[in-house]
Amino acid sequence: MFVVMPPEHVPAGDQSAQWYADGLQGVIETVVEFEDSSRPTAAYNNYPGADSRVMTGRMWQPESQAPAPLVVYSHGFMSSHSEGEYIGRFLATRGYITVAVDFPLTGASAPAGPLVTDVINQPQDVSFVLDQLLARNRDRNDPMYGRIDPLRVAAVGLSLGGLTTELVAFHSHLRDARIRVAASIAGPTANLTREFFSSRQLPFLMLAGGSDQIVPYAGNALPILDKAPGATLVTLDAASHSGFAAQAAGVFRFANHPDEWVCPSLLSNLENAGEQPLFEDDPEVGLVAQTDVIPCQKTTFERAMRPAAQVAFMRLVIYSFLESELAVSDERRKSAKRFLVEVLPAENPEVKVALST
């Protein structure tokens, strides 16, 4: 299918444009494959399962050989690792290494259709990918030797990948202490309580669309200010859920509201899980099985933010947030924090930033 891509959207304002345009380095892209033989892939529908969990994907690196921060990107439901390219390449030109893989059962290539409940296994997938890359980082005979700064590791994810990020960052049993920063893009939180987020103090960003009809804003993003101490909530006014996706700028260029087109497929694929809840109730961990926050309830859709603008803001928000926590110099971290919290929303009124106490 031929998709006409719109012109690149550059956020308004001199400082926003400068932050958006300051990537200087070339990008090295490589194919990666990881197999965790210690954990099986579950059987479901007509798929018999497998003895291991295999994850293939790509990694984007800056050409510089200096030790770089590492971002592990988690894709959304019905998607793939290629979704991560739109942020991976952007970050690589700015000195970050990003890796993204296809999860075994929740993505577009799942053997019997995407299975949403397998998200509970994905935090360990993220940890396994991190294990493998850090092992390569220590191997003098590996091209990755010394490329990663193990003290600057971040988890970033979109939608169900955002939930994966939340789990690997905060879940009391599944969290990975090597992750120092976490960012969820339109990730569900309705099944997560304040107790869930209080298990660990960690810089956490929630980036959400104010017109998200798939992971509804009021029941998922807005409560994060009360649930997660120290969290940053960035809201894009009138932005949809699907507008954050990799190909949205082209595929949904002329759509009134991208979620209107995605909701039927989403609801159909959610049926793979049957009546099984996303999680079992676990008050000790801070998980709840059922909520009254239901996706795709609207029958009429107002015009949403253009996806090209939404993707541009997403890149800029994620980059400045990571820099505010992972930049080497204190001056750079402070500059990035000021840009994200004060300058970006001042220059672009459709961006709203709130901090939890």
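Biologist: What makes Lys334 count as exposed?

Modeller: Lys334 has a relative accessible area of 55%. Exposed means over 50%, buried means under 20%, and partly exposed is in between (1.4 Å probe, protein chains only), so Lys334 is exposed.

Biologist: Okay, and what sort of model is this?

Modeller: This is a predicted model, where local features need pLDDT of at least 70 and side-chain atom pairs count only at pLDDT 80 or more, while totals for chains, interfaces and linings use all residues. Residues are numbered from 1 along each chain as its sequence is written, and side-chain values use heavy atoms, with hydrogens and water left out.

Biologist: Why do you say Lys334 forms a salt bridge with Asp330?

Modeller: The closest N and O atoms of the two are 3.2 Å apart. A salt bridge needs a side-chain nitrogen of Lys or Arg within 4 Å of a carboxyl oxygen of Asp or Glu, so the pair of Lys334 and Asp330 qualifies. Both sit in helix α11, four residues apart, about one turn of the helix. (Helices are DSSP runs of H or I with at least four residues, strands are E runs of at least two, and both are numbered from the N terminus.)

Biologist: And is Asp330 exposed or partly exposed?

Modeller: Partly exposed, since its relative accessible area is 40%.

Biologist: Which pair in helix α2 is about one helical turn apart?

Modeller: Glu85 and Arg89, four residues apart in α2 (residues 85-92). Their side chains meet in a salt bridge at 2.9 Å, N to O. Glu85 counts as partly exposed at 30% relative accessibility, and Arg89 does too, at 33%.

Biologist: What makes the Arg53 and Asp118 pair a tie between separate parts of the chain?

Modeller: Those two side chains make a salt bridge at 3.0 Å, N to O. Arg53 lies in strand β2 (residues 53-62) and Asp118 in the loop between β4 (97-101) and α3 (122-138), so the pair ties together parts that are 65 residues apart in sequence. Both Arg53 and Asp118 are buried. They also belong to a network of salt bridges with Asp36, Arg39 and Asp125.

Biologist: How many salt bridges turn up in the whole structure?

Modeller: The search finds 17.

Biologist: Which residues bring α10 and α11 together?

Modeller: Contact means heavy atoms within 4.5 Å. On that basis, residues including Leu316, Tyr319 and Phe321 in α10 meet residues including Ala336, Phe339 and Leu340 in α11. By class, the contact has nine nonpolar, two polar and five charged residues (Ala, Val, Leu, Ile, Met, Phe, Trp, Tyr, Cys and Pro are nonpolar, Asp, Glu, Lys and Arg charged, and the others, Gly among them, polar).

Biologist: Last one: why is Thr357 called exposed?

Modeller: Its relative accessible area is 88%, so Thr357 is exposed. Thr357 still touches Pro229 and Gly230, not counting residues up to four places away in sequence.
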